[in-house]
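This briefing is arranged by topic and is meant to be read beside the sequence and the model.

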Amino acid sequence: MRIITSGGRRAGAVALSAALVIAAAGCGGTDAGGTGGGGGARAVTFLTHWGPEQVAMLKKAATAFQEKNPGVTVTVRAVPFANLLSTLRTQGASPGGPTIASIYDLWLPELVRDGLAAPAPADVAQDLSAGWPANLVEGVTKQGRPRGYPNEVDLYALNYNKKLFAEAGIAAPPKTWDELAATAAKLTKRDGGGGKVTQQGFGVITSWAAGVVHPWLSLVNSNGGALVDGSAPKLDDPKVQAATDLYAKLVKDGVTQPSMSNANANTTGPYLDNFVNGKTGMIIMANWWQSALKEAMGDRFADVGVAPIPVGPDGAASAPVSYSWLTMVNGKADQAKQDAAWKFLTYLNGPDSGQNGSSAMGDILVSMGILPSRTGDLSAHKAELSDPFLSVYVEQLPHARPFPAVLGGEEMSQAVQKHIENVVFGKETAKEAMDAAQREVAGILTKAGA
Amino acid sequence: MTSPSVTTATAGRGPSARWGRDLAAGHRGAAVVFLSPAMAVIVLFVVVPIGLTFWISLHEWSMYTPLTDMAWRGLANYRELLADRDFFTALRNTLVYVVLVVAVTLPLAVALGMLLYFPKSAAKGVARAVLFSTYVVPTVATAIVWGALYAPDYGPFAQMFSAVGLSAPAWLSEPGTALVSLVVFHVWQMIGYYTILVVAGLTQIPPDLYEAARIDGAGFWRQTVSVTLPLLRRTTIFMTLITVINAIQVFDPVYILTQGGPAESTSVVSFSIQREAFQYGMAGQASAMAFSLLIVLLAIGGLFLAAMRRRS
C-alpha cells in the first residue's frame with residue numbers, strides 16, 4: 001500500500017520551495033546592462049498588498065503610462081499584506097523579481113543595507129523636495145539619498161462609539177488617562193449586573209505586532225516617553241512603564257477584556273468585530289481602517305467618533321505614532337528596468353496621472369481612506385480629508401511621531417508585543433514586562449547593528 | 001566426486017561463475033539506470049535543500065543577498081538557539097500540541113474506523129467520503145472558516161454554548177485555550193485520513209479470527225481487545241508516527257488564525273522558523289531551527305521504526 005501523507009506533501013513542498021528560494025537568491029545580483037523583460041521591452045513589475053479595487057486603479061494608471069511610453073510594460077502583482085515581506089525576501093534579489101515594491105518604512109533600513117532599495121536619481125530627488133513635506137522625505141532618506149516616493153501616512157487616534165457614549169451619558173471623549181479610565185468604566189456593561197462583561201469600555205488588540213505596539217506607543221508618546229533614543233531602548237523609563245501600568249489597570253478593572261482583542265493574519269478578527277458590533281466603546285486605531293469600518297458598519301459608521309490620543313500625567317500633548325509606506329525601486333534590477341521604474345513612479349506620483357490635480361497614487365490612497373503624503377494630493381482631496389473621521393487624523397499629523405525605523409525594528413516590535421500581551425493576559429506585571437522588554441530589545445538592536 | 005564446497009570453489013573460478021558475475025553486474029547496472037531518475041529527483045529536491053539548509057545555518061543571511069555574500073558564523077546560531085527562551089517556548093508549545101493531537105486522534109480514529117468497517121450498511125461509503133472530505137479541502141480555506149466559528153461570544157460555537165446555558169471558552173482569544181482550539185481544528189481536519197488508515201488496517205485482519213472468537217463465546221469488547229487491537233498494532237504505530245510528524249510540522253492554522261499569539265501561547269517551532277527567516281531576515285538562525293527540528297524528527301522516526309521492527 002502506497003500512502004502519501006500530508007506531511008510528505010508538505011515536506012516535498014518545503015524542499016521544493018527551499019530549492020527555488022535558494023536558486024532565486026543564489027542567482028541574485030545585478031544584471032547590468034541588460035534590457036530586461038521579454039522582446040526588448042522594459043518589463044517593470046509592481047509588487048503591492050492592495051486590494052482588488054486599488055489594484056484596478058493602479059493598472060489603469062499603468063495602462064495610461066504605457067500608452068505614453070511605448071517599450072515599457074508595467075505589470076501589477078498583488079499579494080496579501082502578511083505575504084508582502086516574505087515575497088520580497090524570496091524574490092527581491094532575483095533579476096526576475098519585482099522592480100517596484102510598496103514597502104512599510106520599518107523594512108527600509110534592511111533593504112538599503114542589502115542593496116535592494118535603490119537610491120533615487122537626481123530628478124526624482126528634486127521632485128520629492130518640491131512636492132513632499134521635508135520630514136517625510138527625510139523619513140525615506142537613508143545613507144544621504146532618498147530611496148523612494150513616500151505614499152501613505154498612517155497615524156493613530158482614539159476611535160469611539162458615539163451611540164454608546166450617549167447611552168452612558170458621556171458628553172465628550174476623554175482627553176487624559178484618568179478620563180480614559182473613568183469613561184471606560186462607564187461604558188462597561190456586565191451580564192446581570194456583576195457577571196460576564198458583554199461590553200468593554202476600552203479595547204486593545206492582540207496577536208498582531210503593529211496592532212499591539214502602535215496604540216500602546218501612542219499612549220507612551222502622549223505621556224512624554226519614547227520607545228528608543230537613537231538605538232538605545234527606553235522601555236525602563238517610568239513614562240513608558242506608566243502606559244503599561246494603565247493597560248494592567250484597565251484589564252484588572254475589567255473594562256478591557258483580553259478575550260475580545262484577537263486579530264488574525266488579515267489584521268481583522270474579534271477586535272474589529274467587537275467595535276463594529278458596538279461591544280467595544282473605545283479603541284486606538286489608525287486611519288486606514290476607515291474602509292473596513294465603513295464596509296462592516298454601513299449606516300452605523302456615522303456612530304464612530306474620533307479624538308486625539310488621551311494625554312498621560314507626564315505628557316504635554318497628544319503625540320500619536322505614525323508610520324508610512326513608500327514605493328521603492330529594486331536595486332538588484334538592471335539599470336534599464338530601474339530607469340523605467342523611476343519614470344513610472346514619477347508619473348504615478350505626479351499631477352498628470354490622477355483626477356483634479358491629484359496624482360493617481362493620491363486617488364488610490366484616498367479611495368482606501370488613507371492619507372496621501374504629497375502636498376498637492378492633500379490639497380486636491382481636501383473635501384474627502386475634511387470628513388469627520390479623517391479630519392482628526394489630518395489635524396494630528398503635525399504632532400505625530402514616526403515609529404522608529406531601525407535595523408532590527410521588526411524583531412524589536414514583536415519583542416515589545418510579546419511583553420505587552422503578557423501584561424494584558426496577566427502573565428507579567430507591568431514592571432517585569434518592561435524590564436524584560438528592555439533587555440531583549442537592547443540585545444536585538446545590538447545584534448542587528450542598529 | 002567433489003564436495004559441495006570444492007564444487008562451489010571450482011565453479012567460482014569457471015566460465016559459469018563469470019557469467020553469474022556478469023549477470024549480477026548487469027542487474028546492478030540496470031538497477032542504477034532505473035533508479036537514477038528517482039534518485040536524481042530525491043537528491044535535487046531533498047538532499048540538496050537539506051544540505052544547503054545546514055550550510056545556511058552556519059551563516060548570517062537576510063535572504064536579500066546572493067548566497068555567496070553570506071557571513072560565516074560557525075555554530076554561533078546553534079549556541080544562540082540554546083539560549084533563546086522564545087525557541088524553547090515554541091518547543092514546549094509544539095510538544096503539548098503533539099501530545100494532545102496524538103492522544104485525541106488515535107483512539108478517535110480507531111473508534112470511527114471500527115464504526116465504519118464492521119456494520120453492514122450501504123451508507124458506510126458515503127460516511128467515509130464525508131469524513132475524508134475535511135482532509136481534501138485546503139487548510140487555508142478551512143482555517144478561515146474556523147476563525148469565524150471560533151469568534152468569541154458571537155461565533156457559532158459560542159452561540160451553541162449559550163443556547164444550552166453554558167459559558168463558552170474564549171477559543172483563540174485566550175492563551176489558556178488557543179492551543180487547544182488549534183488541536184481541535186487539527187483533529188477535525190485530519191481525522192478522516194487516519195480513519196481511512198484504520199479501515200485499511202482492519203481489512204487486513206482475517207474474518208476467520210472473529211468467527212473463531214465468536215465460537216469461543218467472545219463478545220464485541222472481547223473481540224476488540226483480543227483480536228482487533230493487537231492485529232491493528234502495526235497500523236497504529238504507523239499512524240502514531242505520521243500523526244507526530246504532521247503535528248510537529250503544524251504551520252498553516254497558526255499562521256492564519258493566531259500568528260503565534262495571544263502571548264506566544266500558539267507559537268510553535270515551524271511558525272518561529274518562518275518568523276525568524278521571513279520577518280526578521282535571519283535565515284541562518286531559522287535554518288539552525290529547521291535543522292534542529294529535522295534531527296528531532298529523524299530521531300522520532302528512528303524510534304518508531306525500531307519499535308515496529310521489534311513488534312514484527
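Predicted model: local features only at pLDDT ≥ 70, side-chain atom pairs only at ≥ 80, totals over all residues.

How much area do domain 1 of chain B and domain 2 of chain B bury between them, and what percentage of it is on carbon and sulfur atoms? The two domains bury about 460 Å² between them, with 84% of that area on carbon and sulfur atoms.

**Domains of chain B**

- Chain B is divided into domain 1, which covers residues 4-57, and domain 2, which covers residues 80-311, and the C-alpha centres of these two domains of chain B are 39 Å apart.
- Five residues from domain 1 of chain B and seven residues from domain 2 of chain B take part in the contact.

**Domains of chain A**

- In chain A the domain assignment gives a domain 1 made of residues 32-147 + 323-399 and a domain 2 made of residues 155-320 + 405-448, with 30 Å between the C-alpha centres of the two.
- Here 23 residues of domain 1 of chain A are in contact with 29 residues of domain 2 of chain A, and the area buried between these domains is about 2,100 Å², of which 65% comes from carbon and sulfur atoms.
- Tyr323(A), Phe389(A) and Tyr393(A) supply 33% of the area that domain 1 of chain A buries against domain 2 of chain A, which is more than any other three residues give.
- On the side of domain 1 of chain A that touches domain 2 of chain A, at least two residues each come from α3 (81-91), α4 (108-113) and α17 (388-396) of chain A, and the largest share, five residues, is that of α17(A).
- By class, the residues on that side of domain 1 of chain A are 15 nonpolar, three polar and five charged.

**Interface of chain B and chain A**

- Contact between the chains involves 51 residues of chain B and 54 residues of chain A, and together the two chains bury about 4,300 Å², 56% of it on carbon and sulfur atoms.
- Of the area that chain B buries against chain A, 18% is supplied by Tyr64(B), Tyr154(B) and Phe278(B), more than by any other three residues.
- Three salt bridges are found by the rule across this interface of chain B and chain A; one of the salt bridges joins Asp86(B) to Lys418(A), whose closest N and O atoms are 2.6 Å apart.
- Between chain B and chain A, 18 residue pairs are in polar contact, with both residues at pLDDT 80 or more.
- The elements that give two or more residues to the side of chain B that touches chain A are α2 (15-57), α8 (175-203), α11 (233-248), α12 (252-258) and α13 of chain B, and by class this side has 32 nonpolar, eleven polar and eight charged residues.

**Helix α13 of chain B**

- Helix α13 of chain B, residues 269-279, is mostly covered, with ten of its eleven residues buried; among them are Val269(B), Phe271(B), Ile273(B), Arg275(B) and Glu276(B).
- After α13(B) comes Gly281(B), which has a positive phi, near 70°.

- Gln290(A) lies in helix α12 of chain A, residues 290-297, and counts as buried because its relative accessibility is 3%, under the 20% cut-off.
- Once its neighbours within four places in sequence are left aside, Gln290(A) is in contact with Phe301(A), Gly369(A), Asp387(A), Phe389(A) and Leu390(A).
- Thr228(B), found in helix α10 of chain B, residues 220-231, is buried, with a relative accessible area of 1%.
- With its neighbours within four places in sequence left aside, Thr228(B) is in contact with Met114(B), Phe118(B), Leu202(B), Ile205(B), Tyr210(B) and Gln223(B).

Key:
Residues numbered from 1 in each chain as written. Chains lettered and ligands numbered in written order. Heavy atoms only, no water. Buried < 20%, exposed > 50% of the residue type's maximum accessible area, 1.4 Å probe, protein only. Helix = DSSP H or I, 4+ residues; strand = E, 2+ residues; numbered from the N terminus. Contact = heavy atoms within 4.5 Å. Buried area = accessible area lost by both parts, 1.4 Å probe. Salt bridge = Lys/Arg side-chain N within 4 Å of Asp/Glu carboxyl O. Polar contact = N/O pair within 3.5 Å; in protein donor to acceptor, adjacent residues only side chain to side chain. Nonpolar A, V, L, I, M, F, W, Y, C, P; charged D, E, K, R; others polar. Domains from an automatic or database assignment.
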